[in-house]
Amino acid sequence: MTETTRFYQAFQPDHYQVYLDIDRGTKVISGKTTISGQASTAQIAIHQKDLAVTTVVADGAAVPFTLDQANDALRIELPQAGAVSLTITYTAPLTDTMMGIYPSYYELNGVKEQIIGTQFETNAARQAFPCVDEPEAKATFDLAIKYDERPGETTLSNMPELRVENGVHYFETTVKMSTYLVAFAFGELQSKLTTTKSGVQVGVFGTKAHAAKELDFALDIAKRSIEFYEDFYQTPYPLPHSWQLALPDFSAGAMENWGLVTYREAYLLIDPDNTALQMKQLVATVIAHELAHQWFGDLVTMKWWDDLWLNESFANMMEYVAIDAIEPDWHVWELFQKSDVPAALTRDATDGVQSVHVTVEDPAEIDSLFDGAIVYAKGARMLVMVRALLGDEALRAGLKNYFAAHQYGNATGADLWAALGAASGMDVGAIMQSWLEQPGYPVVSASVVAGQLTISQQQFFIGAGQESGRQWQIPLNSNYDAAPTIMTEKQVVLGDYATLRAATGQPFRLNVGNNSHFIVKYDQTLLADLLQQAPAMDPISQLQILQDLRLLAEGHQISYADLVPLLPKFANSAASLTNAALYRVVNNLKKFVEPDSAAEKNLQAFVDQLSAGQMARLGWTAQAGESIDDQMTRPFILDAAQYAKNPQAIAAAHEIFSANQADLGALPAETRPYILTNEVVHYGSTALFDRLLADYRHSADASYKSSLCFALTKTPDPDLIARLVTAFEDADTIKPQDLRAWYSNVLNNKAGQQAAWDWLRNEWSWLEKTVGGDMEFPTYITVTTGAFRTPERLAEFKAFFEPKINESGLMREIKMDTKVIEGRVALIADEQAAVNAAVADVVAK
Ligand SMILES: [Zn+2]
């Protein structure tokens with residue numbers, strides 16, 4: 001399928017009247033859409049997908065039309081070019097694909113119920129009604145919705161309801177907007193409402209399967225986020241209301257439909273009395289992300305999907321800016337350093353990765369652009385670099401002008417750089433060019449050459465990489481004034497090292513604060529100096545040292561074995577940032593040991609040495625008033641103790657489990673996944689398994705369900721694993737939206753890998769049919785890759801996926817992932833003996 005011409009060029013809609021009659025019983029949608037606009041030629045095309053079009057009327061007279069399914073097109077012959085009003089009648093199926101108009105299922109008092117909702121990004125509005133389904137084709141919309149309505153149901157859309165007449169719900173005319181942001185939903189819902197300082201109505205909606213108090217947290221965060229953005233952007237929220245709706249079936253995390261944001265239940269509804277702080281932070285950042293889009297994405301929209309990054313990178317940065325402003329005690333930028341930064345640095349080191357900005361024409365390729373680690377995480381890092389260079393004052397002034405110039409219209413990356421450049425007097429576009437248009441990132445090598453402190457840049461790869469002479473404009477953030485603000489050359493000599501070292505009195509450092517997208521390779525002299533000071537450094541510096549060394553080891557630039565003796569220096573840190581980086585290295589060591597080998601026993605003993613002190617200090621139970629760092633560190637320690645088979649930890653968790661048998665959901669959410677896992681692994685039985693799986697099936701608490709999935713998939717029992725794999729295709733047990741987590745967890749269980757991998761290969765066509773239309777689909781390949789470490793699995797991976805390389809949207813993923821596994825297999829072959837010897841050595845001491 002190719003789409004080299006945009007339909008918008010031939011026909012520019014300015015207003016839609018969309019009438020939909022949706023029958024949940026027969027699963028049929030009947031529609032009538034009237035589009036008024038300007039035709040530049042007599043032959044025009046409108047997007048449609050799977051619509052059975054019955055009539056097309058132009059200005060009152062029937063006109064000839066053809067359906068071109070290959071191009072998602074309805075081709076229409078008009079009598080002439082010019083202003084025209086088109087009326088199209090059609091029917092369409094209501095399907096369970098989580099795209100277009102679709103039902104979400106849930107259980108209430110033992111009865112299966114449904115909510116109808118929509119998901120149109122990127123190009124599924126055409127499945128609901130005929131339209132020019134391109135972000136540039138902005139228009140106003142009058143929505144009228146009828147359905148097999150029962151008393152007590154609620155109907156929501158982008159705008160407030162105007163009236164109900166003969167069972168038809170009419171909504172106010174929208175502002176000018178893109179088709180992918182149109183949304184509506186109906187069903188039996190509960191809600192909580194509030195109003196912002198400026199008078200915007202804010203609401204949270206969910207099914208009645210949830211306790212009412214689960215809506216409170218989201219309502220508070222949504223209200224305060226909108227108030228924050230109105231101030232930060234100096235631009236009012238553009239609509240009368242902002243609804244947040246939790247849908248039981250939802251493919252992505254959330255979707256920024258203008259005025260009616262939709263979420264996975266797990267990312268909106270939380271139990272205020274028993275939710276881990278990590279989860280609260282995650283939910284808050286998701287809400288703040290979607291609400292950032294209400295301006296950046298909805299009010300001003302990218303002109304075409306190649307600038308998707310403009311939407312997503314920006315919202316991904318702003319979610320942290322906003323939550324840091326409204327909940328400063330959380331230090332939410334630490335979450336960015338622990339999750340987004342390592343994700344971007346790992347993915348972006350693979351040869352063949354996409355750049356942040358990508359040209360794209362084929363609609364089938366658009367969904368594959370949502371590479372989270374690049375478009376979201378790396379892109380956000382680019383903008384964090386820009387923010388650090390500009391400062392907030394210039395950033396805000398630039399944004400205000402950007403919104404004023406492009407509101408209700410479209411923009412490109414160049415427009416944003418122009419606005420920020422005008423506000424700051426800096427050529428932002430020139431600096432950002434090298435980061436946006438080129439894939440990958442540099443490693444900056446710092447060394448003392450003949451007494452001169454010298455830095456040089458080169459592209460960094462994990463696995464095989466084709467060196468192609470790429471260079472970046474790098475904000476260096478050095479603690480030595482001799483280093484330039486922006487490194488533009490391949491190599492820079494900073495001066496006599498001894499003199500510089502004496503003058504500053506500090507080890508030489510680059511990328512202080514870890515906000516620029518590069519890593520540093522210090523030579524032996526500089527690294528020894530740095531490591532000497534490391535135990536006394538701030539947590540972010542410690543995280544950075546461990547992170548850069550880990551990446552260099554993954555990239556075969558230093559030996560993994562050399563990292564092993566450094567780890568105990570960081571083991572007793574109270575900072576969760578340091579522990580996050582430390583245990584990331586530890587988890588990366590696991591690939592070097594064979595299951596049930598002496599080397600594995602040594603590694604377990606090493607992990608026990610690292611974690612035992614913290615395990616004794618923190619214990620299984622949170623202390624009243626303990627620090628956020630302690631709360632955030634505990635999961636790393638419990639996970640480590642579990643791997644280490646620490647006997648005191650195993651016994652203590654069993655005791656807590658036994659005391660709480662009656663209501664496992666009430667176990668503290670922070671420690672619940674580990675307590676349940678401990679029980680499944682060390683005290684497991686079929687009865688326990690049955691009970692946990694039944695709890696999973698019937699619970700509406702996403703956080704508890706996630707604990708249960710975490711624990712159940714750790715079972716060492718092959719019969720129980722077989723039962724889990726059977727449940728993969730039972731949507732009443734595991735919803736398709738949650739399946740990837742189950743699959744990935746079983747695959748990472750050494751007792752379950754074969755069964756999960758066999759399932760994926762045998763059931764690929766089922767999987768494709770069930771979630772293939774969805775932008776998450778290629779990530780099934782990514783998680784498979786994450787678990788594979790042997791030449792045998794590499795060969796199986798290639799045998800299975802190489803024949804699929806030309807399937808739309810999968811080529812890049814298959815090529816990259818093959819390189820990732822090849823790189824890992826080669827690394828293990830080269831380093832396994834040395835790493836295991838280094839571990840044995842530390843354990844023996
Ligand atoms: Zn987004």
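## Close-up views of a predicted model

View 1. Helices here are DSSP runs of H or I with at least four residues, strands are runs of E with at least two, and both are numbered from the N terminus. This is a predicted model, so local features need pLDDT of at least 70 and side-chain atom pairs count only at pLDDT 80 or more, while totals for chains, interfaces and linings use all residues. Residues are numbered from 1 along each chain as its sequence is written, and side-chain values use heavy atoms, with hydrogens and water left out.

Which atoms hold the zinc ion? The zinc ion is coordinated by NE2 of H289, NE2 of H293 and OE of E312, at 2.0 to 2.1 Å. Donors are N, O and S atoms within 2.8 Å of the metal (3.2 Å for Na, K and Ca), and since water is not among the atoms, sites may look incomplete. Along the sequence, the donor residues follow the spacing H-x3-H-x18-E. H289 and H293 are both buried (buried is under 20% relative accessible area, exposed is over 50%, and partly exposed is in between, with a 1.4 Å probe and protein chains only).

View 2. Two strands pair if DSSP finds at least two bridges between them.

Look at β6 and β7 (residues 73-77): they run antiparallel and are joined by four bridges. T66 stands opposite R75 in β7, and D68 has A73 as its bridge partner. The two strands form a hairpin with four residues between them, and D72 in the turn has a positive phi of about 55°.

View 3. How many bridges join β1 to β2? There are 12 between β1 (residues 11-23) and β2 (residues 28-39), which run antiparallel. β1 and β2 form a hairpin with four residues between them, where K27 in the turn has a positive phi of about 60°. On its other pairing, β2 is joined to β8 (residues 82-93) by 12 bridges, again antiparallel.

**View 4. Inside the nonpolar core, around F129.** The largest nonpolar core has 286 residues, and F129 and Y233 have the most contacts inside it. A nonpolar core is a set of buried Ala, Val, Leu, Ile, Met, Phe, Trp, Tyr and Cys residues joined through side-chain atoms within 4.5 Å. Helix α3 (residues 308-326) gives the largest share of this core, 12 residues. Leaving aside neighbours within four places in sequence, F129 is in contact with residues including Y16, H47, Y90 and V182; contact means heavy atoms within 4.5 Å.

**View 5. Cysteines without a bridge.** A search of the whole structure finds zero disulfides, a disulfide being a pair of cysteine sulfur atoms within 2.5 Å. C131 counts as buried because its relative accessibility is 0%. C709 is buried too, with a relative accessible area of 6%.

View 6. Most residues other than glycine have a negative phi, and most peptide bonds are trans. Between E121 and T122, though, the peptide bond is cis, with omega of about 0°. T122 is found in the loop between β10 (111-119) and β11 (140-147). D596, not a glycine, has a positive phi of about 60°. D596 lies in the loop between α14 (576-589) and α15 (598-618), and is exposed at a relative accessible area of 61%. K645 isn't a glycine either, and has a positive phi of about 55°. Its place is the loop between α16 (628-644) and α17 (647-659), and at 47% relative accessibility K645 counts as partly exposed.
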